[in-house]
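This report goes through a single chain, feature by feature. Please look over the sequence and the model before reading on.

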Amino acid sequence: MNDMSMNEKIRYLRKLNGLTLEEVGSAVGVGKSTVRKWESGDIENMRRDKIASLAAALHTTPAYLMGWEEDESTATSSPNAVKIPVLGRVAAGLPITAVENILDYEEIPHSLAATGEFVALQIKGQSMEPRIYEGDIVIVRVQPTAETGDLAVVIVNGDEATVKKIKILPEGILLQPFNPAYQPFFYSKTDIENKPVRIFGKVVELRAKF
């Protein structure tokens with residue numbers, strides 16, 4: 001990430017935050033064609049007020065975008081971090097709709113952000129206690145596969161998400177809760193195809209909220 005040019009950072013952070021060219025342009029007060037030129041490197045010189053607005057829209061700092069030395073007294077986030085949105089809630093019990101409104105933002109290191117696409121999701125329910133509690137935040141690398149023993153976010157019926165420890169079996173997939181009061185979910189290969197059931201991502205970090 002630190003080796004990226006300014007235009008590469010703009011494009012990367014826009015996509016990381018799930019923003020369109022139009023949305024960034026609207027936040028900064030320019031047209032989408034201008035944002036496209038910033039991302040392509042066709043426009044290299046930016047007014048300072050636009051730099052500040054762009055950094056705010058991308059949830060980073062002007063210093064990071066421009067490669068300036070960070071002024072710790074005015075920084076809004078760590079120069080070594082990228083903000084990712086908390087997109088909604090993940091059920092740790094019965095599956096519920098995964099993505100609602102943006103609830104908050106979490107920071108992850110640039111070194112981690114450079115390895116893939118990440119989202120932060122909030123836990124609801126008690127099925128993953130005592131390891132994960134309701135209200136905790138999980139950092140998820142978005143990926144379509146996971147291995148036995150991984151904690152994964154699994155989408156059921158197209159728009160319902162649950163976080164569970166998974167076990168890949170020849171006949172299907174088992175979603176295992178940590179709380180013994182809850183029963184595991186088993187989905188056969190037919191279920192996986194017809195419901196459908198798919199892996200949304202792998203949990204790479206837990207952030208407990210007290």
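## Helix α1

The buried residues of α1 are Met-6, Asn-7, Lys-9, Ile-10, Tyr-12, Leu-13, Arg-14 and Leu-16. Here buried means under 20% relative accessible area, exposed means over 50%, and partly exposed lies in between (1.4 Å probe, protein chains only). Helices (H or I, at least four residues) and strands (E, at least two) are DSSP runs, numbered from the N terminus. Eight of the eleven residues of α1 are buried, so the rest of the structure largely encloses this helix. Just after α1 comes Gly-18, with a positive phi of about 70°.

The model is predicted: local features need pLDDT of at least 70, side-chain atom pairs count only at pLDDT 80 or more, and totals for chains, interfaces and linings use all residues. Residues are numbered from 1 along each chain as its sequence is written, and side-chain values use heavy atoms, with hydrogens and water left out.

## Salt bridges

A salt bridge is a side-chain nitrogen of Lys or Arg within 4 Å of a carboxyl oxygen of Asp or Glu. The count by this rule is five. Arg-14 pairs with Glu-39, and their closest N and O atoms are 2.4 Å apart. This bridge links distant parts of the chain: Arg-14 sits in helix α1 (residues 6-16) and Glu-39 in helix α3 (residues 32-40), 25 residues apart. Arg-14 is buried, at 11% relative accessibility. Glu-39 is buried too, with a relative accessible area of 6%.

Glu-22 and Lys-32 also meet through their side chains in a salt bridge, at 3.2 Å from N to O. Glu-22 belongs to helix α2 (residues 21-28) and Lys-32 to helix α3; the pair links distant parts of the chain, ten residues apart. Glu-22 is partly exposed, with a relative accessible area of 43%. Lys-32 is partly exposed as well, at 40%.

## Bridges among the strands

Which residue does Lys-202 bridge to? The partner is Asp-150, with the closest N and O atoms 3.8 Å apart. Lys-202 lies in strand β10 (residues 197-207), while Asp-150 lies in the loop between β5 (137-142) and β6 (151-156). This pair links distant parts of the chain, 52 residues apart. Lys-202 is partly exposed, at 26% relative accessibility. Asp-150 is buried, with a relative accessible area of 13%. Elsewhere, salt bridges with shared partners join Glu-106, Glu-205 and Arg-207 into one network.

## A buried lysine

Lys-164 is placed in strand β7. At 1% relative accessibility, Lys-164 counts as buried. Its side chain makes a polar contact with the side chain of Ser-127, at 3.3 Å. A polar contact is a pair of N or O atoms within 3.5 Å; within protein, one must be able to donate a hydrogen and the other to accept it, and residues adjacent in sequence count only if both atoms are side-chain atoms.

## The second largest pocket

The second largest pocket holds about 150 Å³ of space. On a 1 Å grid over the protein atoms alone, a pocket is an open set of points where a 1.4 Å probe fits, with protein on both sides within 12 Å along at least five of seven lines; lining residues have an atom within 4 Å of a point. Grid points are joined across faces, edges and corners, and the volume is the space filled by probe spheres set on the points.

The lining includes Pro-144, Ile-168, Leu-169, Pro-170 and Gly-172. Also among the lining residues are Lys-189, Ile-192, Val-197, Arg-198 and Ile-199. Elements giving two or more residues are β7 (160-169), β8 (172-176), α7 (189-194) and β10. Strand β10 gives the most, with three residues. By class, the lining has eight nonpolar, one polar and two charged residues. Ala, Val, Leu, Ile, Met, Phe, Trp, Tyr, Cys and Pro count as nonpolar, Asp, Glu, Lys and Arg as charged, and the others, Gly among them, as polar.

## Aromatic pair and cis peptides

The structure holds one aromatic pair. Phe-185 and Tyr-187 are stacked, 6.3 Å centre to centre with 5° between the planes. Rings of Phe, Tyr and Trp (its six-membered ring) pair if their centres lie within 6.5 Å; planes under 30 degrees apart count as stacked, over 60 as edge-to-face and the rest as tilted. Phe-185 is partly exposed, at 21%, whereas Tyr-187 is buried, at 8%.

A cis peptide bond joins Glu-129 and Pro-130, with omega about 10°. Pro-130 is in the loop between β4 (118-124) and β5. Another cis peptide bond joins Lys-195 and Pro-196, with omega about -10°. Pro-196 is in the loop between α7 and β10.
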